[in-house]
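Let's take a walk through a protein chain together. Have a look at the sequence and the 3D view first, then read on.

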Amino acid sequence: MNPAETKPSRRRFAVAAGVTAALGLYGVLAVTSLRQQSGTFDEVIHLPPGYVSLTWRDHRMNPDHPPLVRRLAALPLLLVDVKVDPDDYAWRVARPWEFGKRFLYRWNDAGRLLFLGRLPIVLLGGILAVAVFAWTRRHWGLPAAGLALFLCVLSPDMLAHGQIVSTDLGITLFTFLTVIAFERLLQGVTARRLLLAGLSLGAALGTKFSGVGLLPILGLLGLTVALSPESLPVTFGGATRQARTRTRRLAVLAAALLAMGLIAIVVVWASYGFSSPLARDPAVNATFDWSKVQPENPALRWAFEAARGRVLPEAWVWGFLHFLKHSESRPAFLLGQYSETGWWYYFPVTLAVKTPLALLVLLALSLWLVVRRPASLRVECALWLPVVVFLGLSMTRRINIGHRHLLPIYPFLFVAAGRCAGLAWSSASGVGRRALRTLAVGLLGGLGLWYALSVL
């Protein structure tokens, strides 16, 4: 074998081994923890509804959340004998909490079902870690990607939510995939990139209604590229054309977003098993009072009524309207205080308190890097816009019931922090700068050790 070919081959093997080891560490930590953790409060209304949605295509149980990740979590349950009483009162009148408790703790072995249902969530966490590594490496190199991967697999937030049946890890994964797929699309429009971006957007909208927060992010990213002086290549059918003017770029990106939306709608329908009603039983379906969730604005009311069961599944429209109605203030607790309306600063406080200090230091260094050595405007916007928009939306909604609502911003924070390793490896190299490089690498190593010990 040619020695010149051996070195890249060994490098690829080392990279693959490192990523595999990191994923193995995450898997071991998650699985050993989930086996010792009893059922959490919300798993009662996620796993049982996911099972009946998957097997019976019935969405009556807690339609406040789209069913994609619930269905994924319920897939392993198809391998075992699961008992459900279709004549049970809680099922017939659509009481999800009662039904969920009976499903797990009366009719079946809760320990076994929860273990099986949590495994797909661990898998989603592993996919997220790989996506963080790949996107960071593409823009900032291997050292930055390695640090970002390390921060992701040892994140207390990822480990906490990456081992329970809920929608939080799922929306985090699909939000990140949508943004990085769209950023790739903005480099040059192709059918494959358009399809991937649309599928990711659809998965986000089929997982959690907060996925609509992606719409302003994608719009702002597209506007940034459209208004830039660079031309936008568009490749279809083997021919590449350049959108050189702002008008053409705006038209191309508007068409791309429209196409993504159409693909996303198909994915949302697929996540409901192409079944529109809330319940198979017409009598149960009639018990859902649409007048209680309809928006007051006549135009919005007409739009949702037109989309109901035609553009989007009826169950999705009901859940989204219910989500909007219940986005008002709820009782909350923070720093020894109780409030009926919450606080605008709730999430900044939880972000400061619940983020490991080592990661906060790395993020401060990363913000300094934005000023000193910024990447392209497209990449910087793709990195920071999701953080700003999701944090801003969370602060305007006075639902202060958990730091987990900020989970979608963390993959972007891992990438941002990983940039520090890229700078330490590249800028401090060269003759006469070994001491600076050693100092930088030592600082990052110390922060990494601090981060790992605080988590483990």
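Leaving aside its neighbours within four places in sequence, which residues is Ser 271 in contact with? The list is Pro 67, Leu 68, Arg 71 and Gly 206, where contact means heavy atoms within 4.5 Å. Ser 271 itself lies in helix α12 (residues 246-271). Helices here are DSSP runs of H or I with at least four residues, strands are runs of E with at least two, and both are numbered from the N terminus. Ser 271 counts as buried, at 2% relative accessibility. Buried means under 20% relative accessible area, exposed means over 50%, and partly exposed is in between (1.4 Å probe, protein chains only).

Before going further, a word on what you're looking at. This is a predicted model, in which local features need pLDDT of at least 70 and side-chain atom pairs count only at pLDDT 80 or more, while totals for chains, interfaces and linings use all residues. Residues are numbered from 1 along each chain as its sequence is written, and side-chain values use heavy atoms, with hydrogens and water left out.

**The whole chain**

Now zoom out. The chain has 20 helices and five strands. Its radius of gyration is 23 Å, close to the 23 Å that the globule rule gives for 456 residues, so the chain is as compact as a globular protein of that length. (The radius is taken over C-alpha atoms, and the rule is 2.2 Å times the number of residues to the power 0.38.) Along the principal axes, the C-alpha atoms fill a box of roughly 80 × 55 × 55 Å.

How much of the chain is buried? Of the 456 residues, 52% count as buried. Among contacts with a separation of 6 or more, 76% are between residues 24 or more positions apart. The accessible surface comes to about 21,300 Å², and 64% of that belongs to carbon and sulfur atoms; the areas come from the Shrake-Rupley method with a 1.4 Å probe, and for residues only the protein chains shown count as cover.

**Rings that meet**

The structure holds 21 aromatic pairs. Rings of Phe, Tyr and Trp (its six-membered ring) pair if their centres lie within 6.5 Å; planes under 30 degrees apart count as stacked, over 60 as edge-to-face and the rest as tilted. Two of these pairs share Phe 176:

| Pair | Centre distance | Plane angle | Type |
|---|---|---|---|
| Trp 135 and Phe 176 | 5.9 Å | 90 degrees | edge-to-face |
| Phe 176 and Phe 412 | 5.1 Å | 65 degrees | edge-to-face |

Trp 135 lies in helix α6 (residues 110-140) and Phe 176 in helix α9 (residues 168-187), so their pair ties together parts that are 41 residues apart in sequence. The other pair links Phe 176 to Phe 412 in helix α19 (residues 410-426), 236 residues apart. Trp 135 and Phe 176 are both buried, and Phe 412 is buried as well, at 0% relative accessibility.

There's also an aromatic cluster made of Tyr 51, Trp 56, Trp 91, Phe 99, Phe 103 and Trp 107. Elsewhere, the charged end of Arg 308 sits over the ring of Trp 290, 3.8 Å from its centre. For this, NZ of Lys or CZ of Arg must be within 6 Å of the ring centre and within 35 degrees of the ring normal.

**A covered helix**

Tyr 51 is also one of the buried residues of α2. Helix α2 (residues 47-56) is mostly covered, with seven of its 10 residues buried. What do those buried residues pack against? Their partners are α3 (68-74), α4 (89-92), α5 (96-105) and α6.

Most residues other than glycine have a negative phi. Just after α2, though, Arg 57 takes a positive phi of about 55 degrees. Phe 274 has a positive phi of about 55 degrees too; it's in the loop between α12 and α13 (282-285) and counts as exposed, at 54% relative accessibility. Leu 335 has a positive phi of about 50 degrees. You'll find Leu 335 in the loop between β4 (332-334) and β5 (337-339), exposed at 63% relative accessibility.

**The cysteines**

How many disulfides are there? With a disulfide being a pair of cysteine sulfur atoms within 2.5 Å, the count is zero. For Cys 152, the nearest cysteine sulfur is that of Cys 420, 16 Å away. Cys 152 is buried, with a relative accessible area of 3%, and Cys 420 is buried at 6% relative accessibility.
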